[in-house]
Every structure is written in C-alpha cells, then in structure tokens.
Amino acid sequence: KSNMDAAAKGGTSEGGRNVKRGGQGTGGFAKRLGARNEATASLRKQAVMSKRRCTDDAGVLGADQLTREQLTACVEACKKSTAPGVAGPSPDLASLRKALSTQDDDVIEYAVAAGAVDMLLAVLQGNCVENYLEAVWCVTNIASGSSAQTELTLPMAPCIIQLMESSDPALQEQCIWALGNMAGDNAAFRDQVRANGAILPIVRRLQAGNAAPVRRVAAWSLSNLARGLDPKLQDFFSAGAGEPLLGALT
C-alpha cells in the first residue's frame, strides 16, 4: 500500500476495496449482476496490494518461505513477548507484520487460525506503547484480506480510533489506514466503523498542520467511509470535512 496516491483514486485497479453489493432482481438481470460481481471480486483480488501496507523488508519473510507451522510459531512467539508484564517492544510483532505484508492471503488465514486477532486486540488494549504501531500495522494487513478476515478486525476499530489521538504521526497514519481498509470492504462494515466514531477524528487529521502523509491517508480513508449506497454525506460536513477537503483541491 505504498502507493497511496493511486489508492486515493478509489478505482478497482488501484484504489481501496470496492463495495460489494448483493444481487437483486430476477432473470437475465440477476445473471448479469452476478457475473459483474464475480468480475469485480477478481479485480479486487488483483488490487489487494494497493490496500496492504508493505514494508521495504517484506521479503525477509516472503510467502514462498512461510508454512502454516512457521506462521503459527510466529504468532505463539508474539503471544509470549506481548504478554502482561513483559516490557519493551516485541520483535516478534515485527516479524508477523512482515509476514502479513506479503501478497499471499493464505498467510493471513494462517495467522488468524493461530489466534493472531485475539493477540493483537490484547496488545491494542494494553499499555505497551512501543507495540502499538506494529500491532495496528498487522491489523491493517489482515483487514486487506477477504471479507471474513476483514470482519474479524472490526472489534478493534474503537481501540484504533483512540490510538489515532497519539502525537506520533506514524501511528496516526497507520490507524487511519486500518480504518480505511475496514470501511472499504462493504457498506455494512463502513457503517460499523462510522458508528464507532471514526469520521470526526479522521477529519481532524485531514486539517492543515498535520503531517502530509497523514493528511493524504485521511483523505483516502474518508473516501472509503463515504463510499457506497446512502453515504449520509451530511455526517462529513457536520464533522468539518468541507473546508480541508476544498483546501486539498486548491
């Protein structure tokens, strides 16, 4: 997801994940709609890396090198190194983040099956500030997977919204990216992220005075929060999005 300029455009080839709409109607229309949905899903899978936050050293744990057993061992190591009472940053979280940055969705499935989601939620709810960035980065990439995988990350949205108040621009950016991935999957997930109160804090990060990468990701994330049927755009204007969005266009 290093190319946020392309992701911000919101197209199926480079943008955030397209909204999935269920079939409607009968007969030939339903068949055409089903075929279109299949094609859209295929394009979304080709574009998933535009949503996945990559890392320069992602190849250290490339998908072709990872087995289910290795990923399970990595998650188990994370559980131990992030357990209550263990001080300092966890190098195992960094290893998991690198693994999840690969292009293979099976890696996400391995991590989920090993209990990565519960472990990451515990980290986000804990007090070890040094682990927050790596944990949110992992969540960002899990949320770039299938709808079922993305859904598993939704309970972490309230924690991530709180962490967005950090003074660290890198953590702010990563939190916004994670929320954008969640919201970009479908309208139901979008509405849940919005119900958690994501719009106002993201709009605040869009305003002048914030780091340029944070503002850029904030604009992209807001586009996912406004995507789909019945976007309730008044919520964005009530949060003060109009002026900073206009300023970004001038």
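What share of the contacts in the protein chain with a separation of 6 or more comes from residues 24 or more positions apart?

1. The share is 74%, a contact being heavy atoms within 4.5 Å. This is a predicted model, in which local features need pLDDT of at least 70 and side-chain atom pairs count only at pLDDT 80 or more, while totals for chains, interfaces and linings use all residues. Residues are numbered from 1 along each chain as its sequence is written, and side-chain values use heavy atoms, without hydrogens and water.

2. The protein chain has 15 helices and zero strands, taken as DSSP runs numbered from the N terminus (helices H or I, at least four residues; strands E, at least two). Of its 250 residues, 48% are buried, meaning under 20% relative accessible area with a 1.4 Å probe, protein chains only.

3. Helix α12 (residues 199–206) packs against helix α13 (residues 212–225) at about 145 degrees, the axes lying 8 Å apart. Axes are lines fitted to C-alpha atoms over the stretch in contact, and angles run from 0 to 180 degrees between N-to-C directions. On the α12 side the contact includes I199, I202 and V203; on the α13 side, V214, A218 and L222 are among the residues involved.

4. D235 is in helix α14 (residues 234–238). D235 is partly exposed because its relative accessibility is 36%, between the 20% and 50% limits. Leaving aside residues up to four places away in sequence, D235 touches R194 and I199.
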